[in-house]
Amino acid sequence: MAFRSFMQAALEEARAAAARGEVPVGAVVVSPEGKAIASAGNRTRENNDPSAHAEMLAIRAACTHLGTERLIGCALYVTLEPCAMCAGAITNARIDRLYYGASDPKSGGVAQGARVFSHPQCHHVPEIFDGIAESASAQLLRDFFAQRRGQ
């Protein structure tokens with residue numbers, strides 16, 4: 001099976017999140033067969049839920065879709081490096097591959113900050129591919145926060 005990136009779909013979710021006034025982060029879960037089975041953008045403000053990050057919502061939807069708490073063989077595409085909470089959900093869901101766009105020096109939990117996957121308590125480490133559509137992902141965030149500061 002040829003590699004197909006789902007980062008454009010994640011970017012669409014991020015743009016939709018920005019349009020709702022949410023921090024523009026989008027995520028897509030892809031089945032082992034290469035089909036998008038769940039996608040989401042941030043909804044923390046809309047849902048009054050600090051855990052309603054794009055990754056968390058997409059993982060929950062994918063688990064519901066598959067009828068299991070494990071996403072073995074699945075991949076997750078996300079526009080921003082997951083935070084420690086989301087990295088914990090990724091490891092608990094047993095996601096095989098993580099693709100992310102922009103790094104997050106302030107709140108990242110994969111290559112920055114907590115580095116969840118490097119801890120001995122981490123029971124599962126996905127393959128990690130960073131920098132996928134990094135420029136587009138970072139630009140969305142810069143534009144969003146520049147607009148917020150200008151208000």
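1. Threonine 91 is buried, at a relative accessible area of 8% (buried is under 20%, exposed over 50%, partly exposed in between, with a 1.4 Å probe and protein chains only). This is a predicted model, where local features need pLDDT of at least 70, side-chain atom pairs count only at pLDDT 80 or more, and totals for chains, interfaces and linings use all residues. Numbering runs from 1 along each chain as its sequence is written, and side-chain values use heavy atoms, without hydrogens and water.

2. Threonine 91 sits in helix α4 (helices are DSSP runs of H or I with at least four residues, strands are E runs of at least two, numbered from the N terminus). Beyond neighbours within four places in sequence, Thr91 is in contact with Phe117, Cys122, His123 and His124 (contact is heavy atoms within 4.5 Å).

3. As for the rest of α4, 7 of its 10 residues are buried, including Cys86, Gly88 and Ile90. The cover over them includes α3, β3 and β4. After the helix comes arginine 94, with a positive phi near 65°.

4. Now the largest nonpolar core: it has 35 residues, and Val29, Ile59, Leu71, Leu76, Leu98 and Phe117 have the most contacts inside it (such a core is a set of buried Ala, Val, Leu, Ile, Met, Phe, Trp, Tyr and Cys residues joined through side-chain atoms within 4.5 Å). Elements that each supply at least two residues include β1 (26-30), α4 (84-93) and α5 (134-150); α3 gives the largest share, 7 residues.

5. Leucine 76, leaving aside neighbours within four places in sequence, has contacts that include Val29, Ile59, Ile90 and Leu98. Separately, there's a second core of 11 residues, with Met7, Ala10, Leu11 and Tyr77 among them.
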